[in-house]
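Student: I would like to go through the terms used for this model and ask what stands behind each.

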Amino acid sequence: GDFKNYFKNKFQTYSGTADLYVFFVEQGFNVLRPNGQFVYIMPNKWMRAGYGLELRKYFKKERLIEIDDFGDLQVFDDATTYPCIIQAQKAASLDTFNATNLQTLTYENGLGQHIANYKFEIPLSSLGDEGWTLANVQQQNLRKKLSIDVIPISEYIEGKAYYGIKTGLTEVFVIDELTKNRLIDEDERSAEIIKPLLLGRDIKAYATPTPTRYLLFTRRGINIDNYPAVKSYLSINRERLEPQPKGYKGKEWKGRKTGTYKWYEVQDAVDYYPEFDKPKIMYQVFQVKPAFIYDEQGLYCNNSLWIIPKSDKALFALLNSKMGWYLISSYCTAIQNGYQLIFQYFGQIPISNRLSESKEVLTMIVDQILNAKATDPAADTSALEAEIDRLVYALYGLTEEEIAIVEG
């Protein structure tokens, strides 16, 4: 923090949230002689992350020679990192650069030869400032096609996507079935603020989960005296529930983070809480495969999940499809074995404007899957899911060759 003003004034690539490696890239160009080159091993997050925006713009003005991206491969034994190798030159920018998406850490004839065998050219003009995806010609052509007659999901859902409840102290506000029943037995009004809760691990595609945990949803402005049993239960941990006083500089605070909430209130004031009671799509932020469920039970969730309060089973089907996963992989940040669905990127996913044409049949198939899974969570619905895949491919007008790219 003490150096932010220095970085802001010194570097074109400055962002208030940037990791320091961003400035090392610009400094590399600063210290090179004309036509000099450097090669860095560094994180690949700059290609998608918001803080990498200025670096992406900067690279377009310099000569980028090659990017070799290891994706989510764990190259270093002692650190969870997502590295890439950057080769650049202090010279006028070129129209293209070489790229390789590395899928393995085993190279029969060495890394250099492996890169030479699998590299491809990327036109700088094909890369938008909002995020870079390294793709070969076939993938680039497919992505161009997927930009026609579509609408970003953020616009399709009118920006209505929300994260789950942040309590500030999960072990107190999240209770089990026995505690829920006891609090309601003590005071039946407790049921008004005890909500069925899902966590990230509860989410599997097309599942109808049965909650085993409950949230004491003491939202901002609530009169806790109306709920004496809940107040008594929370008061046992009152010291831990107190927010840290503003400007507190004493020893490590034992309570929650500073804020304007009262000791018995959940930490995050969400004015969209009525949306949890509506039919909605719920999804994990970190996914290693499609993890979307459709909820009509009024389930709540913690902030490892997001909700889309839209009664739209056609959209739900698309997101759980192979095409949906391909779009997620194209727009969202890679993590180990999967992707992080930060809405800044997830919201850019293109939804076919023809989705409404298949809404009725997709809804019918989804209902069949949901009914089967509700009866038997292990039910084999692969044939129905394959039919959804076929319908979604048709919505985007994909050829057999393009389907092969999607299915990888």
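Student: Why is serine 190 called buried?

Tutor: Buried means under 20% relative accessible area, with over 50% called exposed and the range in between partly exposed (1.4 Å probe, protein chains only). Serine 190 has a relative accessible area of 0%, so the residue counts as buried. The model is predicted: local features need pLDDT of at least 70 and side-chain atom pairs pLDDT 80 or more, while totals for chains, interfaces and linings use all residues. Residues are numbered from 1 along each chain as its sequence is written, and side-chain values use heavy atoms, without hydrogens and water.

Student: Where does serine 190 lie, and which residues is serine 190 in contact with?

Tutor: Serine 190 is in the loop between helix H8 (177–186) and strand E9 (194–198); helices (H or I, at least four residues) and strands (E, at least two) are DSSP runs numbered from the N terminus. Contact means heavy atoms within 4.5 Å. Leaving aside neighbours within four places in sequence, serine 190 touches Leu183, Ile184, Tyr227, Ala229 and Val230.

Student: What makes H14 and H15 roughly antiparallel?

Tutor: Axes are lines fitted to C-alpha atoms, for helices over the stretch in contact, and angles run from 0 to 180 degrees between N-to-C directions. Angles under 35 degrees count as roughly parallel, over 145 as roughly antiparallel, 65 to 115 as roughly perpendicular and the rest as oblique. The axes of H14 (residues 359–375) and H15 (residues 382–395) come within 10 Å and cross at roughly 160°, so the pair is roughly antiparallel. Their contact residues divide into 9 nonpolar, 1 polar and 2 charged, where Ala, Val, Leu, Ile, Met, Phe, Trp, Tyr, Cys and Pro count as nonpolar, Asp, Glu, Lys and Arg as charged, and the others, Gly among them, as polar.

Student: Why are H2 and H3 called roughly parallel?

Tutor: The axes of H2 and H3 (residues 53–61) come within 10 Å and cross at roughly 20°, which makes the two helices roughly parallel. Val22, Val25, Glu26, Phe29 and Asn30 of H2 meet Leu55, Tyr58 and Phe59 of H3.
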